[in-house]
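Here is a short note for a colleague who is opening this structure for the first time. The points below take up helix packing and the surroundings of the ligands in turn.

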Amino acid sequence: MKIVTVVGARPQFIKASVVSAALKPLCTEVLVHTGQHYDQNMSEVFFEELQIPHPAYNLGVGSGTHGRQTGEMLIGIEKILFEEKPDVMLVYGDTNSTLAGALAASKLHIPVAHVEAGLRSYNMRMPEEQNRILSDHISTWLFCPTQTAVKNLAKEGITKGVSVSGDVMLDSVLHFREVARQNPEKRKIYEQLGIAPKAYRLATLHRAETTDGGEDAIVRIFDAFEQLPQRVVIPIHPRTRALAEEAIRTRGYRNIQLIDPVGYLEMLLLTSGACQVLTDSGGLQKEAWFMEVPCVTLRSETEWVETMEGGWNVLAKLTTADILDKALHTVPNAAARQAQPFGDGHASEKIARAVCNEKEWPKQ
Ligand code: UD1
Ligand code: UDP
């Protein structure tokens, strides 16, 4: 039994780390890296730290417009599928790499397993929303992280092959948080940055809505960060770096500490140590929730609605006033946390068992 897995962007390496480990005793996995993310600290660091098998193929697609990037991935993945003749294609999440993997396989009648199926923002302007809807509709297995995702799929008429696996990101947080805590080298991150636990806020920014309109949104966000009582540490995504540096250079913000993107172990330490997270990332909203750190999501909607219960995650419009208001005045209600909407931390094993058990495959 052979599975081809397509990954390409940072959060997919993190998800693959736990699923690949669960697949290892059950089947042959051929890992394909599209090359969507390629900087050392956006790619290689995760393979090293999280002991992900070295990809058998790297398409080296790199950055570009959506059409060029996705098109080059499709061409490269199709070639590999002709060669490898896998039984299953496995994809994660909602990036251009996800769509390319799912589409290339589906056209060749290779069944597709979609991990993190059924998420919806109901904002079709997001490239991620387009990628996830298209991928879900051509998938054979739809592994949903939550019951909400199952309901979202049902609204679109998708019920066959749908199951609640739980969220593989919970598996990875539970496993690697311990690994990070026990690593004295990684724990030096607080000292290196000059921050004390619970005396700083952590932010990340990379969505198209935040970055594509020029400097405006970043300046409104940074104007708010500047007025917060604790320093805001930002491991800056390469997409946002130039805008952020320019804003700091011209406006002289003093409360913002830009740092290079960090590896996952350091990121878990930075997240658990923060008094608040401010982000437009999908994965980080959940990690904040898993580690009981209040979160302000810098977007007008979230796919991860469960995190909003009890005020653990609140949405802020991209205005200085709203970000400040939400950052300063939202107090989560500790008693209002649901049991565990994201599963039991064993999603990866469930997915691996389902995909590798040919007798139980959903009917095509
Ligand atoms: C992509 C995903 C997004 C996901 C994010 C995770 C799509 C459409 N978007 O967004 O869903 O949340 O990854 O981080 O697939 N760049 C570098 N070095 C790198 C990678 C990117 O410099 O290693 C810069 C390039 O200027 C590039 C820009 O970042 O043009 C954007 O990269 P891209 O992969 O297109 O989109 P992300 O914003 O990373
Ligand atoms: N992350 C990381 N280093 C960083 C920033 C983020 O390891 O400097 C991790 C973060 O902990 C989460 C994942 O990257 O697990 C989220 O990825 P990202 O925000 O790029 O994408 P999204 O989840 O929004 O698709």
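Predicted model: local features only at pLDDT ≥ 70, side-chain atom pairs only at ≥ 80, totals over all residues.

1. Helix α11 (residues 216-226) packs against helix α15 (residues 320-329) at an angle of about 40 degrees, and their axes lie 8 Å apart. That makes α11 oblique to α15, and their crossing is right-handed. Axes here are lines fitted to C-alpha atoms, for helices over the stretch in contact, and angles run from 0 to 180 degrees between N-to-C directions. Angles under 35 degrees count as roughly parallel, over 145 as roughly antiparallel, 65 to 115 as roughly perpendicular, and the rest as oblique. A crossing is called left-handed if the near helix is turned anticlockwise from the far one by less than a right angle, and right-handed if clockwise. Helices (H or I, at least four residues) and strands (E, at least two) are DSSP runs, numbered from the N terminus.

2. Residues are numbered from 1 along each chain as its sequence is written, chains are lettered from A and ligands numbered from 1 in the order in which they are written, and side-chain values use heavy atoms, with hydrogens and water left out.

3. Which residues come closest to ligand 1? Of the 20 residues that surround ligand 1, the closest are H37, N96, E128, H206 and R239, where a residue is near a molecule or strand if one of its heavy atoms lies within 4 Å of it. A polar side-chain atom of E128 lies 2.7 Å from an oxygen atom of ligand 1, and an N or O atom in the side chain of R239 is 2.7 Å from an oxygen atom of this ligand. From D39, a backbone N or O atom lies 2.9 Å from an oxygen atom of ligand 1.

4. The protein covers 84% of the 750 Å² of accessible area that ligand 1 has on its own; accessible areas come from the Shrake-Rupley method with a 1.4 Å probe, and for residues only the protein chains shown count as cover. The elements that give two or more residues to the shell around ligand 1 are α3 (66-84), α5 (127-137) and α12 (238-251).

5. Around ligand 2 there are 17 residues, of which R207, V262, S281, G283 and E287 come nearest. A polar side-chain atom of S281 lies 2.7 Å from an oxygen atom of ligand 2, a backbone N or O atom of G283 lies 2.8 Å from an oxygen atom of that ligand, and a polar side-chain atom of R10 lies 2.9 Å from an oxygen atom of ligand 2. The protein covers 95% of the 540 Å² of accessible area that ligand 2 has on its own, and α1 (10-23), α13 (264-273) and α14 (282-290) are the elements that give two or more residues to its shell.

6. Two further helix pairs involve elements named above. α1 and helix α16 (residues 347-356) pack at about 50 degrees with their axes 8 Å apart, which makes α1 oblique to α16.

Notes:
Polar contact = N/O pair within 3.5 Å; in protein donor to acceptor, adjacent residues only side chain to side chain.
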